[in-house]
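Colleague: I have a new model open and would like to learn how to read it. Could you walk me through it, feature by feature?

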Amino acid sequence: MTSVSSSVRRIAATVLAAGAVVGAAALPAAAQDHGQRQHPRVEISRVQADSPGRDDHSNRSLNNEWVEITNTTRDAVNLRGWTLRDADGNRYRFDNVRINGRATIRIHTGSGHNTRTDLFQNSREYIWGNNGDTATLRDDRGRTVDTESWGRRHH
């Protein structure tokens, strides 16, 4: 009976050792998955900080400065209470804005009539720094959803 019980012990030890090796190999792969940055559902997809032509403070020039926000999912997202800020603290707060799935909206600096695809900050001053700035999109709880930086002021 001793040979049977020692054989069982050896088999059990081998199985446990093999399980430990497999578990140890899988651990780094699982840790890597958690370290990867996941893409946000709603993201800053493009920024035109430098309005084409002369910066003459005309409404046309101001509206040629914009930030695009894209919903990367299939489902519509309500942006009520979300904010878009620059590095200097200028803030645009979204009202009851719904962005459809796989859709993009453009937030212009100047004034105009809001549509489903174009929103206006009604500013008389340029907001986004031509030489560098950071656009930060936050949800209605103040959590950063996405940031986009460019130029010398890149953080």
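**Reading the fold step by step**

Modeller: Gladly! Starting at the N terminus, the elements of the protein chain run α-β-α-β-β-β-β-β-β-β-β-β. Keep in mind that this is a predicted model.

Colleague: How many helices and strands does the protein chain have?

Modeller: There are 2 helices and 10 strands. Of the 155 residues in the protein chain, 33% are buried. Counting contacts with a separation of 6 or more, 52% come from residues 24 or more positions apart.

Colleague: Let's turn to the sheets. What should I look for?

Modeller: Strands of a sheet pair through backbone hydrogen bonds, either parallel or antiparallel. So look for the strand order and the sense of the pairing.

Colleague: How many bridges join β1 to β2?

Modeller: There are 6 bridges between β1 and β2, and the two strands run antiparallel. To find your place on screen, take Val47: its bridge partner in β2 is Val67.

Colleague: What is the strand order in the sheet that holds β9 and β10?

Modeller: That open sheet has 4 strands in the order β5-β4-β9-β10, and the pairing is antiparallel. The edge strands are β5 (91–93) and β10, each of which pairs on one side only. Here the twist averages 10° from one strand to the next. Strand β4 (residues 83–85) is joined to β5 by 3 bridges, and Leu84 stands opposite Tyr92 in β5.

Colleague: And how do β9 and β10 pair?

Modeller: They pair in the antiparallel sense over 7 bridges, with Leu137 opposite Asp146 in β10. The hairpin of β9 and β10 has 5 residues between the strands, and there Gly142 takes a positive phi near 85°. Also look at Thr134, which lies in strand β9. With 10% relative accessibility, Thr134 counts as buried. A polar contact of 2.8 Å joins the side chains of Thr134 and Ser149.

Colleague: Next, the nonpolar core. Which residues touch the most other members of the largest one?

Modeller: That core has 22 residues, and Ile69, Leu79, Leu84, Phe94 and Ile105 touch the most other members. The elements that give two or more residues to this core are β1 (42–48), β2 (66–71), β7 (104–108), β9 (132–138) and β10 (144–151).

Colleague: How do I read a pair of aromatic rings?

Modeller: A pair of aromatic rings is described by the distance of the centres and the angle of the planes. A search of the whole structure finds 2 aromatic pairs. In one of them, the rings of Tyr92 and Phe94 have centres 5.0 Å apart and planes at 80°, so the pair is edge-to-face. Both Tyr92 and Phe94 are buried.

Colleague: What about Trp128 and Trp150?

Modeller: Trp128 and Trp150 form a tilted pair, 6.2 Å centre to centre with 55° between the planes. Trp128 lies in the loop between β8 and β9, while Trp150 is in strand β10, so the pair ties together parts that are 22 residues apart in sequence. Trp128 and Trp150 are buried as well.

Colleague: One last stop: Ser123. Is Ser123 buried or exposed?

Modeller: Ser123 is buried, because its relative accessible area is 17% and the cut-off for buried is under 20%. Ser123 sits in the loop between β8 (118–120) and β9.

Colleague: Which residues does Ser123 touch?

Modeller: Not counting residues up to four places away in sequence, Ser123 touches Leu62, Thr109 and Gly110. Ser123 and Gly110 are 13 residues apart along the chain, yet their C-alpha atoms are separated by 5.0 Å. The side chain of Ser123 also reaches the backbone oxygen of Glu125, at 2.7 Å.

Definitions and conventions: Residues numbered from 1 in each chain as written. Predicted model: local features only at pLDDT ≥ 70, side-chain atom pairs only at ≥ 80, totals over all residues. Heavy atoms only, no water. Core = buried A, V, L, I, M, F, W, Y, C linked by side-chain atoms within 4.5 Å. Buried < 20%, exposed > 50% of the residue type's maximum accessible area, 1.4 Å probe, protein only. Contact = heavy atoms within 4.5 Å. Polar contact = N/O pair within 3.5 Å; in protein donor to acceptor, adjacent residues only side chain to side chain. Pairing = 2+ DSSP bridges. Axes fitted to C-alpha atoms, helices over the stretch in contact; angles between N-to-C directions. Phe/Tyr/Trp six-rings, centres within 6.5 Å; stacked < 30°, edge-to-face > 60°.
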